[in-house]
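Have the structure open while you go through them.

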Amino acid sequence: MKQVHFLGPVGSYCEIATNKFIESLNLKVADKDLIPCTTISGVIDNVDTLNNIVGVVPVENSIEGSVRETLDKLVISSSKVMIVAETVIKISHCLITRAKKYDEIQTIISHPQGLAQCQNFINRNFPSGVEKQPSTSTSEAVKLITDKDNTYAAISTRIAAEIYNIPILSETINDQPENYTKFALLNDQIPEPSNNDQTSIAISLRNKPGALVEILKPFAENSINLCRIESRPSKKNLGDYVFFIDFNGHIQDSKVKSTIGNIAPYVDSYRFLGSYPKYDK
């Protein structure tokens, strides 16, 4: 079986998603072939440049929105990297520390989205302020405090606390209890149509008046439901944007092929990101 690379270290939500993919898709993966990576970009680069690699990365959070590093990196990676499946994990953050009381803590470390998702908790329990340090993942935050004293804390998973043997001071500290993150499985093979598929593309528009309106018309004319449309700076010129579009259907569907063909005159660049079964709770 191929190696599975995921955003680590061990104990991350991404590892939880990886195990869920393995179970739901009945993948045969040995423990030695589960490889944690230090960054999202590293996961995508490995899928892009190495052979027999499957990757797992976070894509979107229900509270904080899209994971920018994932979107930006997918656009510049080669067409070999595609989304082939998705899953959703419920997020339940813990405050992990050797401190016995909140007022002992001076620094809290976590992924930027983890810090943002617990902002109300932090403001309420640290009214005098606390230093917030970003990490590459929530589990990396716990790893970083393994050799720190009780003035440090991390926001992460219960699993990470158990792995690194650091106590949990408070559980379920995220501000919104209904907090979910979507994860993508990356590979180089397009799955066969499942009759319940979603396609993801990234496009930039030609500098023409009404170009955005013109690319949306074919979707409506072919009765294709748009699930998401989001813009990100192209990182090339000020005012240039890449539009990420998710819509119902598979790239092999005739309506989808027709729609892609109809938007071509208004598109400056096009990146197919995958057709895959929609996550079904």
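Which backbone nitrogen lies 2.9 Å from a polar atom of the side chain of Asn61? That is the backbone nitrogen of Glu64. Keep in mind throughout that this is a predicted model.

1. Let's stay with Asn61 for a moment. Asn61 sits in strand 3 (residues 53-61), and its relative accessible area is 2%, so it counts as buried.

2. As for who surrounds Asn61: leaving out residues up to four places away in sequence, it touches Ile91, Gln113, Gln117, Asn179, Tyr180 and Thr181.

3. Now the charges. Side chains of opposite charge can pair when their charged atoms come close. The structure holds 11 salt bridges, and I'll pick out a few of them below.

4. Take Glu86 and Lys182, which form a salt bridge with their closest N and O atoms 3.5 Å apart. This pair links distant parts of the chain: Glu86 belongs to strand 5 (residues 82-90) and Lys182 to strand 11 (residues 180-187), 96 residues apart. Glu86 is buried at 11% relative accessibility, whereas Lys182 is partly exposed at 21%. The cut-off for buried is under 20%, so Lys182, at 21%, falls into the partly exposed class.

5. Asp246 and Arg228 form another salt bridge, and here the closest N and O atoms are 3.1 Å apart. Again distant parts of the chain are linked, with Asp246 in strand 14 (residues 241-248) and Arg228 in strand 13 (residues 226-233), 18 residues apart. Both ends count as buried: Asp246 has a relative accessible area of 8%, and Arg228 comes in at 15%.

6. Is each end of the Asp33 and Lys32 pair buried or exposed? Asp33 is buried, at 12% relative accessibility, but Lys32 is exposed, at 65%. Their side chains meet in a salt bridge, 3.5 Å from N to O.

7. Last one: which residues are linked in a network of salt bridges? Have a look at Arg158, Glu162 and Glu171, which are joined in this way.

Methods
Residues are numbered from 1 along each chain as its sequence is written. This is a predicted model: local features need pLDDT of at least 70, side-chain atom pairs count only at pLDDT 80 or more; totals for chains, interfaces and linings use all residues. Side-chain values use heavy atoms; hydrogens and water are left out. A salt bridge is a side-chain nitrogen of Lys or Arg within 4 Å of a carboxyl oxygen of Asp or Glu. Buried means under 20% relative accessible area, exposed over 50%, partly exposed in between (1.4 Å probe, protein chains only). Helices (H or I, at least four residues) and strands (E, at least two) are DSSP runs, numbered from the N terminus. A polar contact is a pair of N or O atoms within 3.5 Å; within protein, one must be able to donate a hydrogen and the other to accept it, and residues adjacent in sequence count only if both atoms are side-chain atoms. Contact means heavy atoms within 4.5 Å.
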